[in-house]
Amino acid sequence: MIKTYFADVDETTIQIQLENGLQVTLIPKNNYHRVYGILTTNFGSIDTSLRHKKSNEIITLPAGTAHFLEHKMFEGMNGEDAFVKFMRQGAEANAFTTHFQTSFLFSASFEINKNIETLLDFVQEPTFSPEGVEKEKNIIEQELLMYLDDPYWRIHQLVLEGLYPNHPAGVDVGGTIETVNKTSYEDLKLAYESFYHPSQMCLIVLGDFDIEATIMAIKQNQLGKVF
């Protein structure tokens, strides 16, 4: 455990690296009314290729795979997705993908440790299905079309396309309608197995919470899982 005090902003951070590689950063803020948790993996839209761990073959993923996988992580068992579970626990949840990362987050005023465990569980124990992947394609397609109607987004994207014409950074984070429709369940499963190991992830919790109880809850949650 590494505790660091920043006098300029009167803030203390507590950093822990668990045995499975997960980096945990706690930022206690006693005057906050809500607690914020964010779990991030180092997998973004520019990560379009990987070396298969068994065949040693270089695999190219469709553009937008990281964003597609972000969508499917919320798919839960028996039709109940993670958003519903968070709402039942009094929390708001969301997620986002950038060129370099995928992040899942929540904010809540109570049931803090339960919501942290929910955050860890739905990201580390995915239940998305081949049928769910096919259904999601139309939803992502509509999202891409929505951004095409935003002039500021289009200007931003056109600048990136001009700066990086032969690089994944020049492609929309969500990919294209063509690449989304090419994305398969197998692509997402392979991407998950390659990029979602705890050693590539970090968890940050900020707000007014019981530090010792939260550390214990996180450790117990991770000890119960095999990666």
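Which side chain does glutamate 136 meet in a salt bridge?

Modeller: First, the ground rules. This is a predicted model, where local features need pLDDT of at least 70, side-chain atom pairs count only at pLDDT 80 or more, and totals for chains, interfaces and linings use all residues. Residues are numbered from 1 along each chain as its sequence is written, and side-chain values use heavy atoms, leaving out hydrogens and water.

Now the pair. Glutamate 136 meets the side chain of lysine 72 in a salt bridge, at 3.3 Å from N to O. A salt bridge here is a side-chain nitrogen of Lys or Arg within 4 Å of a carboxyl oxygen of Asp or Glu. Glutamate 136 lies in helix H4 (residues 130-148) and lysine 72 in helix H1 (residues 65-72), so the pair ties together parts that are 64 residues apart in sequence. Helices are DSSP runs of H or I with at least four residues, numbered from the N terminus.

Both partners are buried. Buried means under 20% relative accessible area, exposed over 50%, and partly exposed in between (1.4 Å probe, protein chains only). Lysine 72 has a relative accessible area of 5%.

Lysine 72 also has a salt bridge with glutamate 75, at 2.7 Å from N to O. Glutamate 75 is buried as well, at 17%.

Elsewhere, glutamate 178 forms a salt bridge with lysine 182, with the closest N and O atoms 3.5 Å apart. Those two residues are 4 apart in helix H6 (residues 177-182), so about one helical turn separates them. Both glutamate 178 and lysine 182 are exposed.
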